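Hi,

Here is the structure I promised to pass on. Have a look, and then read my notes below.

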Amino acid sequence: MSDKKQEPIVNQSEDSQEAKHGSQVLLQVSLPPALSVKQLADILRVDAVKIIKQLMRDGIMANINQVIDFDIAAVVAADFGYEVKRQPAPPQAHPSLVTKGGKLSPRPPVITIMGHVDHGKTSLLDAIRQSNIIASEAGAITQHIGAYQVEMDERKITFLDTPGHEAFTAMRARGARATDIAVLVVAADDGVMPQTVEAMNHARAAEVPIVVAINKLDKPNTNPDRVKQQLADLGLIVEEWGGDTVCVSISAKKRQGIDELLENLLLVADILELKTELDCPAEGVVIESKLDKTKGPLATLLVQKGTLKPGDNLIIGNTWGKVKAMFNELAEQIKKAEPATPVEVLGINSVPQAGDSFMVVGDEHAARTLLEKHKGMQQEFATSTKTLSLSNLSTQISAGQVKELNIVLKTDVQGSIEPIKDSLEQLGNEKIKVRVIHLGSGSITESDVLLALASKGIIIGFNTRPEPGAHRLAEVEGISIRYYDVIYELVNDVDKALKGMLEPTYTEVIEGQAELRATFDTGKKGKIAGVYVKEGKVSRDALARILRQGEVIYESRVSSLRRFKEDVKEVSTGLECGVKIENFVDFQVGDVIQFYRQERVT
């Protein structure tokens, strides 16, 4: 697009890519006079939160969109082990054409097909490719992630055929932005179904344009207008009804409307002005991976920038390798893969994960060195960051890390959704907005957890609970799930979290109980209670509650615990000891002292 800012130059040649300081191999990076924190994070391949924390250590408070100058960016880049040079100012007439590797060139769009089960996603792709994909799929349902390229008017279009929006969002949760446009397939006879709504919300959360394909028009008693009305009720208004969503009626089975759909996809792609670099080392994302019994680890890569060639050294996620051979979707060996081209690669050392990013480096030594560095940074980042929850929301707002609270809302019945959604979206202030990115009735599913993970949001369950798999996934990924059965408490907690007033919830755990049998005056130091431990134990620094005739008269903590003139950490049941209670001296024989602790409720 014409308003793109100047991008940084990363020197990838063998002479200038590596700078040796002792045994360390560093990348040289050229930065413009000014860039945003997010742009710097993308250049250094570091999470933006990490950049913000480093700036805070240097005494600079900045959010992800804030622009910093070259001097500040150079200091941060050096802290992450990069050698920095100042990028020369670009020609004013064509600022968008000067990039890392040269001029920007148009690239094919990458399309993901989503929708409800059995609404014709794979049949549509079959019609587009004019080949029988379904015949190779068990039960006529897609079982893996595939990537295919087709041509329309001498222009290429790349399709990702996923097993559902869960896979689409799982990749996005790992930081992969592989899709330019989402095609939402809706059967004209079934209409909008629950998975249709989920797919639409997942695409919206990814902020990609949606093109609707109303399928199965060859069936009798179909009603496309009913589908359009259902979509409009969900806020997705088609162009012919005055909206901005492209909608095409098709029959995948009879191959009707396919050319019109492809033409509209290319039109949307033209509006997006999809461009990238060709003459630079390749970068991209892993679409799928597997371990072949004869070939070893294989990965299907989607090239997003540059040109991938046999012999290139790669860093892929937490592994590396050298491209020995590349194959297209027809299993034909190819010599190069340009942007938006899916390609299967042979030669990596271990199987990466779908959604991992890859980049080409100078040689094997650089690959090993940079991989170790990236692993260390990932481990440090994993231990130093927290996922979003209502409890830490205020802190992350103050640090400029969060500007929008994304909520996945699940309720027991459909009737509860709208009042809760409306109440939540009325909250917020100038620092942060509340956005309900997905809502529905029923149990909390793994798809809900993945969407919250990818969108850096939280899950709220109203009179509902998660499925076992969803609960395990939420625990592993650290996704916050809050449960409520009163709407007022739900809305009130979110409101308090936004204002930094939400108090953590604690429960009381009784550790022991003792009977006071004597008191000992220690002069200016106060009095010590001689007690007999009847239940549990007494611990130094435990919270204490003094009861007289069954009523609480004072609450404090244990400031001193002694047994036979010796300071001890704890005393168990059946033993006597001397206890000093902080700021209390009015003991009476027969008093009961309870010892307890406060335990935070998750």
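Predicted model: local features only at pLDDT ≥ 70, side-chain atom pairs only at ≥ 80, totals over all residues.

Which residues are buried in helix H8 (residues 224–233)? They are Val227, Lys228 and Leu231, where buried means under 20% relative accessible area with a 1.4 Å probe, protein chains only.

Residues are numbered from 1 along each chain as its sequence is written, and side-chain values use heavy atoms, leaving out hydrogens and water.

Helices (H or I, at least four residues) and strands (E, at least two) are DSSP runs, numbered from the N terminus.

Back to H8. The buried residues of H8 pack against strands S11 (181–187), S12 (210–215) and S13 (246–249), with contact meaning heavy atoms within 4.5 Å. Just after H8, Gly235 takes a positive phi of about 90°.

Next, Ile128, which sits in helix H5 (residues 121–129). Ile128 is buried, at a relative accessible area of 10%. Leaving aside residues up to four places away in sequence, Ile128 touches Val150, Phe159, Ile258 and Leu262. The C-alpha atoms of Ile128 and Ala252 are 8.4 Å apart, although 124 residues separate the two along the chain.

Last, a helix pair. H2 (residues 37–44) and H3 (residues 48–57) pack with their axes 8 Å apart, the axes being lines fitted to C-alpha atoms over the stretch in contact. Val37, Leu40, Ala41 and Leu44 of H2 meet Ala48, Ile51, Ile52 and Leu55 of H3.

Cheers

Note on methods
Axes fitted to C-alpha atoms, helices over the stretch in contact; angles between N-to-C directions. Buried < 20%, exposed > 50% of the residue type's maximum accessible area, 1.4 Å probe, protein only.
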